[in-house]
Amino acid sequence: MKFNLKIWRQEGPELPGAFRDYTVDNIIPEMSFLEMLDALNEELIRKGEEPVAFDSDCREGICGTCGLVIDGMAHGPKLACTTCEVRMRVFEDGCTITVEPFRAKAFPVIKDLVVDRSAFDRIIGKGGYVSENTGSAPDGNAIPVPKDIAEKAMDSAACIGCGACVAACPNASASLFVSAKISQFALLPQGHAERKSRAQKMVGQMDAEGFGNCSNHAECEAACPKGISIENIARMRAEYMRSLR
Amino acid sequence: MSTKLLQSTIGRKVLAAISGLALVGFVVVHLAGNLTLLLPDGGAAFNAYAHKLASLGPLLWVARAGLLVFFVTHVLLAIGVRLDEKRARPDKYAVTASKGGPSKQTWSSRSMLVTGVVILLFVPLHVWMFTLNQGTPHATVEVHGEQVKDVYLAVVTAFKNPVKAWAYVAVMVILGFHLRHGFWSAFQSLGMLSPKCTPAIYTAGVVFAALMAVGFLILPLYMLYFGPDPETLRAVVSGP
């Protein structure tokens, strides 16, 4: 397969960037989007040009490191899919594909398609954990948790922190990420002791990082590679209002 | 608590939802009153309704003040969300697209500010025209043996003008689009939704928005094409 690519190139933070056109040929349909970019980079290196910088790690959809905006959609056109899991067969042979970095003030571009998502780490640092004394592991059934609640908490905990929700949100809001991280604890008894301070501090940090407000477009849920529901955002709001009491 | 509400993005969403739902309540009551315009009684029921409202005295002013507070709050919060949006993504995407699936991104949801501004401009004009009775005939009429302001005549006269009637229709369609996203969104903002009830509330929002828009826009169209002639209206009513 052959593709025309419009890729955002930016040498560094604060430097002006621009799209550059590339053409890749002999792409196997089973190749992932990142393997296609690898092929492009090998070609660029051969020609002595600067390869395109992009993030990736596990390349099996579980680490949350990769993330590109492909034709205006975070992680490309497929639902519940990370960029590394997008196969080239979903694109039409010979088409033009626009590739941009995740764009948000809170996610500054480091280089080309790589953005700094440490804002998420700072939000987690404010309360995305349960304070526990270290020691031997507690008995698995010491605290009973109903099956359906456990499942819901697990669904929230499926968030891999890739930032696609922010990238896809028309307002660049981090509501889906923060709400999933608040929900996974709010649903479980272990998380209840610190639920008020957690909601206050994590939401406070989310706002301080400069993410936008949520307009309930639910585009984040569509972009989320783990299909995390906006039910979490509703729960985060309820948790936050409860924390004010 | 109130400062925290205004300072956090979540608090502002909750306030926008509460003020929005209060305005939704007003719209429902307003439409219920207006539908008396369709009764073939020469405006007796509508004038009686208008007179009843006017005779509430101080209570009416409390209601008006409350509405104004909700309206202004809703507008200011909406402007705030838009400013957040501009600040949060200074560099725009070259290409944007919705991924579909569970996304509820529609023209409605993307145009809340535009449709909101249209409503914001419409409301003072509407108050000027019918509440302050400007550019519409001043007259009184007898209802249940009492001389009251003839609001019915003002409405009939105003909507015999096709430009005014069709402008009202256009604004009501826009109100419908605003409510289409606004109705379900308010419940989501209040943290009340779950996957079980979201589809039901979302559908209810679409139906509600359509009902409100159609309910309101029927009135100017009815007056324009089937309404009584304002010139002969009162002669007919007071005739034998």
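**Exercise 1.** Determine how the residues lining the largest cavity of this predicted model divide by class, and where this lining comes from.

Solution. Step 1: the lining holds ten nonpolar, six polar and one charged residues. Step 2: these belong to a lining of 17 residues, and those nearest the centre of the cavity are A:C169, A:C214, A:A218, A:C220 and A:I233. Step 3: in chain A, helix 5 (175-186) and helix 8 (219-223) each contribute at least two residues to the lining of the largest cavity.

**Exercise 2.** Describe the second largest cavity by volume, lining and class of residue.

Solution. Step 1: the volume of the second largest cavity is about 90 Å³. Step 2: its lining comprises 14 residues, with A:C159, A:G161, A:C162, A:C165 and A:C224 closest to the centre. Step 3: two or more residues of this lining come from each of helix 4 (164-168) and helix 5 of chain A. Step 4: sorted by class, the lining of the second largest cavity has eleven nonpolar residues, two polar ones and one charged one.

**Exercise 3.** Is B:S108 buried or exposed, and which residues does B:S108 touch?

Solution. Step 1: B:S108 is located in helix 5 (residues 107-110) of chain B. Step 2: the relative accessibility of B:S108 is 3%, and because buried means under 20%, this residue counts as buried. Step 3: leaving aside residues up to four places away in sequence, B:S108 touches B:F177, B:R180 and B:H181. Step 4: towards B:F177, the side chain of B:S108 reaches the backbone oxygen at 2.9 Å.

**Exercise 4.** Classify the accessibility of A:A238 and state its separation from A:G135 in sequence and in space.

Solution. Step 1: A:A238 is part of helix 9 of chain A, which covers residues 231-244. Step 3: A:A238 and A:G135 are separated by 103 residues in sequence, and their C-alpha atoms are 33 Å apart in space.

Terms used. Residues are numbered from 1 along each chain as its sequence is written. Chains are lettered from A and ligands numbered from 1 in the order in which they are written. This is a predicted model: local features need pLDDT of at least 70, side-chain atom pairs count only at pLDDT 80 or more; totals for chains, interfaces and linings use all residues. Side-chain values use heavy atoms; hydrogens and water are left out. Helices (H or I, at least four residues) and strands (E, at least two) are DSSP runs, numbered from the N terminus. Buried means under 20% relative accessible area, exposed over 50%, partly exposed in between (1.4 Å probe, protein chains only). A polar contact is a pair of N or O atoms within 3.5 Å; within protein, one must be able to donate a hydrogen and the other to accept it, and residues adjacent in sequence count only if both atoms are side-chain atoms. Contact means heavy atoms within 4.5 Å. On a 1 Å grid over the protein atoms alone, a cavity is a set of points where a 1.4 Å probe fits but cannot get out, and a pocket is an open set with protein on both sides within 12 Å along at least five of seven lines; lining residues have an atom within 4 Å of a point. Ala, Val, Leu, Ile, Met, Phe, Trp, Tyr, Cys and Pro count as nonpolar, Asp, Glu, Lys and Arg as charged, and the others, Gly among them, as polar. Grid points are joined across faces, edges and corners, and a volume is the space filled by probe spheres set on the points.
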